[in-house]
Every structure is written in C-alpha cells, then in structure tokens.
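We will go stop by stop, with a note on what to look for at each one.

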Amino acid sequence: MGCCIVGCGKGLPALDVTNDELAQLVETSDEWISSRTGIRSRRISVEETSLDLAEVAARQALGWDGEGAGIQGQPAFAAEDIDLVVFSTLTPDALLPSSAALLRRRLGLTNAVSFDLNAACSGFVYSLSVTEALMAASQANVGGAGGRNHYHRALVVGAERLSRITNWSDRNTCVLFGDGAGAVVVEWRDDAPGIISSYIHNDDDTTNSLVCPAAFDSSFAFDEQGVNAAFAQDPALLLADASLARVDEELGVAEGVAAGEPRQAIRMDGQKVFKFAGNALTNAVLEVLERAGLTLDDIALIVPHQANERIIKFAAKKLGLGLEKFQISIAHRGNSSAACVPMTLCDAYESGKIAPGDKVIMVAFGAGLTSGAVLYEA
Ligand code: COA
C-alpha cells in the first residue's frame, strides 16, 4: 500500500522565446546558450498568471480536459474526492490568499485543505514528500480514534512565472529561465506501493549563490520614533522601509541594487550553483535508493530538475548511467523551478517511457540550498 501517482498534467504559456530573440536583449548567442545549457527556447507568460498555468495542469491531471488523467487508463477524478492541495511556487500571483486556496476555489475542490510550499526548485519534490507523509500518517488513523485530518487523494502542483523575477538585462541569468506549471494527482491505494522512499535535504547557501529579495512597493508609515509625522499628514508620501537595506545585506545583493538593477530579481553565482547541483542530484538519487533498499539497476527512469543539461550529464557520469535513463525536456522550456519536475514527468508518460510497475526517481535541487528525491513504483 502507498501513495500512488494516478494523474499528471502540464500547462505552458503560449509565447515561445528563442535564443536568437534573447540575443536582441543581451549580448549572447544561440550557440553559447545551447552549448552551455541545452536550452534553445523557453515559454514566457505574457497574459497567463501562475494560477492560469496551474489550472491547465491541474485540469489535465484530474482528467477534466476530456483525455483522462494524463496516465494511461486513469479515469477522471471528481472534485469532491480531492482532500488536499499542495501548491509549490516561489512566484505566486498573490501573497494572500495562497495559490493553493485560489486553485481550490477555481476548481471547486470544496473538500480540500490547501497550502503553499516554497522550497525553490526542489518545491515539487518537497511537496510530494510532505503529501506522502501526511497521507501515511492519516492512514494510521483510519478506523481509530486519532485526531488528525484524513487524506486520501491530493493534488500536488508546481507552477511558476520566473519571467517576473528575471533581470532581462543580465545575460548570466535571463537565458536560463522559463514559465510553466505541472501537476499530479496522488491517491492512497492498498494494493500498490506507490512512493517507496523519499529524501529531502538542506545545505546552507553560505555565499548567497542564488537569491532574490522580495519587493514590497507599498509606502511605510513608521520610523524609529514611531508614527512618521510627515506620512500622517500626507499618506501619498513614499517612505522608505529602513529594513530593506538589511535584507539586501543579508542576501549580499546591496551592490547590485545600488547599480540600478531591479531589486526583485534572481541573482546567481552560476559556477557555485553548478557545483552544488551536480553533487546534490547525485547524492539525492543514491539516498532514495538506499532508503528503498534498491540499486540503480532497479530504476527504469530518472526525472531530474531541468536547470542545465550539463548538470544532468555530470550526474549521469558520476552515477555511471547512460543519458537514456534520464528524461530530458530542457530544450524548449529552460528552468521553470518547481514546475520542472512535474512537467518533465508528464513528458515521460506522454512518450510512453513509464510503464506500470516501473520504478522511477524524481530528483531536484535549488536555492536554499535545497535538494531531494522521490522514488515510486508506477
Ligand atoms: N551569453 C554569452 N556569454 C555569457 C553568457 C551568455 N548568456 N552568460 C555568461 N557569459 C560569459 C561570462 O560572462 C563569462 O565570460 P568571461 O569569461 O569573459 O568572464 C563566460 O561566458 C563563461 O562564464 P561561466 O560562468 O564560466 O559559464 P559556465 O560554463 O559556468 O555557464 C551557467 C554559466 C550559468 C550556464 C552555468 O554556470 C550554470 O548552469 N550554473 C547553474 C545554474 C543553475 O542551475 N541555476 C538554477 C539552479 S536551480
């Protein structure tokens, strides 16, 4: 018995931006980007919100778009049967309510508890691991007098509009990211193992190698003396929030902001992140295998976070695997953070690379520094 993946879907914005088009914005080339990253184009949302993309992915995963639940043989699920929504994003449309609550309302999931989870690019893997743990804990309660919520079927989503926090004049970062959403439905079944093992992990980002400060653009009414008298007279006055400088200092971004860059933008030390990513991916795969008592020979497919094709190649070499063991979907999407793994999983199902009974590993890494993996039987 276990938490089984029974539906999947993805939602992508309409606009496709090629490397040649990016070369109109920054000094770069298709040759540089594709050879260093494997990326040729990425989807950028112009009109679509994170929630719009998530809704498309979720409807597909629930089987509401007329084609079943995205996994062969899976019928559609009823709205009232979903009792949990976990939504992973670092680019929500709103701070309140959560994206999960907004998605719950749009889809009419009236029996669901909903919350967001931010673990950067590892967000979806963290969400699945947390969902499985909640389900397993609630199963232990079934029929007993336990005082917990009961979870039987959950919608787990990763959706991002990284284009909103990308500095489009920074060639070190803007060529890497894209927008999108992916979703899965998971269900507790008594007759299948589902998720066999999971591993979520944190290292410290001691050098601020991957950060993005939050931007709050409302005015502030207070200073060290209390209510600011000038503001009390004229609430249209734009008062600086003295704590912002301290946030920037903590994140090591003061210099960039001072140079006139957008404050709320991804800043990255590419080489440091690359080194962390390659090792984190490898370690997470080995950890879930060990926890499951399995070896790489037992695994049919690895579905990795899609940050850079070279990171996947590095990990493949370290693990002694051929690239055919990995689902690689980076060429026309780039890195869409928490949305990457569920979208890539959908690609694998769509192309028939996952058959019932196959053992699959999803693995991710990201800012924080977070990493993790989930091993399941399809
Ligand atoms: N086009 C052309 N040149 C570029 C460029 C671009 N888009 N971006 C950087 N360069 C230049 C650099 O300025 C540097 O020039 P210099 O030698 O004159 O200083 C040169 O290319 C090499 O830069 P470097 O940083 O050594 O390249 P790289 O091979 O490490 O590749 C990344 C850069 C960002 C693609 C790579 O480090 C990476 O993928 N890191 C991990 C990023 C990641 O995964 N982030 C998300 C994690 S969830």
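How far is an oxygen atom of the ligand from an N or O atom in the side chain of R310? Select both, and you will find 3.4 Å. Before moving on, note that this is a predicted model, where local features need pLDDT of at least 70 and side-chain atom pairs count only at pLDDT 80 or more, while totals for chains, interfaces and linings use all residues. Residues are numbered from 1 along each chain as its sequence is written, and side-chain values use heavy atoms, with hydrogens and water left out.

**Stop 1: around the ligand**

Stay here and select the surroundings: 23 residues surround the ligand, each with a heavy atom within 4 Å of it. The closest are T28, R36, G270, Q271 and N308. Next, pick the side chain of R36, where an N or O atom is 2.8 Å from an oxygen atom of the ligand. The cut-off for a polar contact is a pair of N or O atoms within 3.5 Å.

**Stop 2: α10 and α11**

Now select residues 270–292 for helix α10 and 309–319 for helix α11. Helices here are DSSP runs (H or I, at least four residues), strands are E runs of at least two, and both are numbered from the N terminus. The two helices pack at an angle of about 45 degrees, with their axes 9 Å apart; axes are lines fitted to C-alpha atoms over the stretch in contact, and angles run from 0 to 180 degrees between N-to-C directions. That makes α10 oblique to α11 (under 35 degrees counts as roughly parallel, over 145 as roughly antiparallel, 65 to 115 as roughly perpendicular, and the rest as oblique).

Show side chains for the contact (heavy atoms within 4.5 Å). On α10, residues including F274, L281 and V285 take part, and R310, I311 and F314 are among those they meet on α11.

**Stop 3: α3 and α4**

Select residues 50–62 for α3 and 99–107 for α4, whose axes come within 10 Å and cross at roughly 55 degrees. This makes α3 oblique to α4 as well. The α3 side of the contact includes L51, A58 and L62, and the α4 side includes L102, L103 and L107.

**Stop 4: backbone details**

Step to the loop between β4 (84–88) and α4, where P97 is found. A cis peptide bond joins L96 and P97, with omega about -10 degrees. Another cis peptide bond joins G368 and L369, with omega about 0 degrees; L369 is found in the loop between β14 (359–366) and β15 (370–377).

Finish at A120, in the loop between β5 (113–117) and α5 (123–139). Its phi is near 55 degrees, a positive value in a residue other than glycine.

How values were computed: Polar contact = N/O pair within 3.5 Å; in protein donor to acceptor, adjacent residues only side chain to side chain.
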